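Subject: Structure for your ligand and pocket work

Hello,

Here is the structure for you to look over.

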Amino acid sequence: MSVERVDTDSGAAAASNSRYVALVPAAGSGTRLGAGMPKQYQLLAGLPLIQHAVSTLAAHPQIERVYVVLAPNDSHFVSCDWGALGVKVSALYCGGDTRAASVRNGLAELSTQLSASDWVMVHDAARPCLTEADVDRLIQTLSASAVGGLLAVPVADTLKRATAEGLVLDTQSREHLWQAQTPQMFRYQRLVAALARADLATVTDEASAIEQSGFQPQLVLGSAMNLKVTYPADQTLAELILLRFN
Ligand code: CTP
Ligand code: MG
C-alpha cells in the first residue's frame, strides 16, 4: 500500500482494520544518569527500569506485540523475567548510534510483519511510569486520525533563554508550547518514510520527523507522571510514582 493510499483513507475506515504494535528504543547507554550501566537496567521499585513500561504496553489488550530495540551487544535483556507477558515481547538487537537510528533500524526489521497502515506506538524505555490509561487516551484520540500523534503536556514553567555564561537573555512566552513525551503513534509506512528522509543526528522524536515530511501530528494530553528518567532526581521521582500507583 502506498503512502498516498494511506493519506486518502478515511481515518475511521483505516483504523478499523489496522493493528497496533509498540516499538521501544532501549539501546541507549544512559550517560547523563551516569550509573555505570545502561539506565534501562537500573532497578526501580524492585524491577529493571525497562520492565515497567514494556509490561504496561504488553499487558494492553489492543497492543499485539512489543518490539524492544536493543544494542547489538546487550547482555542484560535476557535476564528480564516477563512472566506470561513474554509471548508478546520480542527483542531486536539492532540499536543504532542515536535514538532515531535505533527506531529506524527496528522498523526496518518489521517490514515483512507489518502493513503500511498499521499503527506503531514508539515509547522510550526510559519512561517507566506509563499507564494503561495513557495508552487508552492515545489510541482513542487518534482512532480517526490519518497522521497520528503523541502524548504531550503544556509547558508549565516560565522559560528563559540563556547566554553561554548562564545569564538570562530573555523570557520566552510559553503560550502554545508543549513538552513532547512518548508514546508517539504513527502509521508504519509513513514513519518509515519520514525517518528515511530525516537527519537522524538532530531528530529526537518521531513527531519531528513526521513534521519534516509536511504532516501535523496531533497533541494528546499526557500526564506529568510519564516522565523520562534522564538524571538521578528523575529516578527518585519515578520510583515514588511507581510505588504510589502500582
Ligand atoms: N536510545 C536508543 N538508542 C540510542 C540512544 C537512545 O534506543 N542510540 C533510547 C534509550 O535507551 C531510551 C530512549 O532512547 O529508552 C531515550 O533516550 P535517552 O533518554 O537519551 O537515553 P540514553 O541515550 O540512554 O541516555 P543519555 O542520552 O543520557 O546517554
Ligand atoms: Mg540519549
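The notes below cover conventions, then the ligand, then the pockets.

This is a predicted model, in which local features need pLDDT of at least 70 and side-chain atom pairs count only at pLDDT 80 or more, while totals for chains, interfaces and linings use all residues. Residues are numbered from 1 along each chain as its sequence is written, chains are lettered from A and ligands numbered from 1 in the order in which they are written, and side-chain values use heavy atoms, with hydrogens and water left out.

Ligand 1

The shell around ligand 1 has 19 residues, and Gly30, Thr31, Arg32, Ser102 and Lys228 come nearest (a residue is near if one of its heavy atoms lies within 4 Å). By class, the shell holds five nonpolar, eight polar and six charged residues (Ala, Val, Leu, Ile, Met, Phe, Trp, Tyr, Cys and Pro count as nonpolar, Asp, Glu, Lys and Arg as charged, and the others, Gly among them, as polar). Strand 1 (20-26) and helix 4 (99-109) each supply at least two of the shell residues (helices, H or I with at least four residues, and strands, E with at least two, are DSSP runs numbered from the N terminus).

A nitrogen atom of ligand 1 lies 2.7 Å from a polar side-chain atom of serine 102. Taken alone, ligand 1 exposes 560 Å², of which the protein buries 88% (Shrake-Rupley method, 1.4 Å probe).

Pockets

Ligand 1 sits in the largest pocket (more than half of its atoms lie within 2 Å of the grid points). A pocket is an open set of points on a 1 Å grid over the protein atoms alone, where a 1.4 Å probe fits, with protein on both sides within 12 Å along at least five of seven lines; lining residues have an atom within 4 Å of a point.

The largest pocket holds about 1,100 Å³ of space. Its lining has 41 residues, with Arg32, Asp124, Arg127, Lys228 and Thr230 nearest the centre. Strand 10 gives the largest share of that lining, five residues.

The second largest pocket has a volume of about 200 Å³. It is lined by 15 residues, and Cys129, Leu130, Thr131, Phe245 and Asn246 lie nearest its centre. Helix 3 (49-59) and helix 8 (232-245) each give two or more residues to this lining.

Regards

Technical notes: Polar contact = N/O pair within 3.5 Å; in protein donor to acceptor, adjacent residues only side chain to side chain. Points joined across faces, edges and corners; volume = space filled by probe spheres on them.
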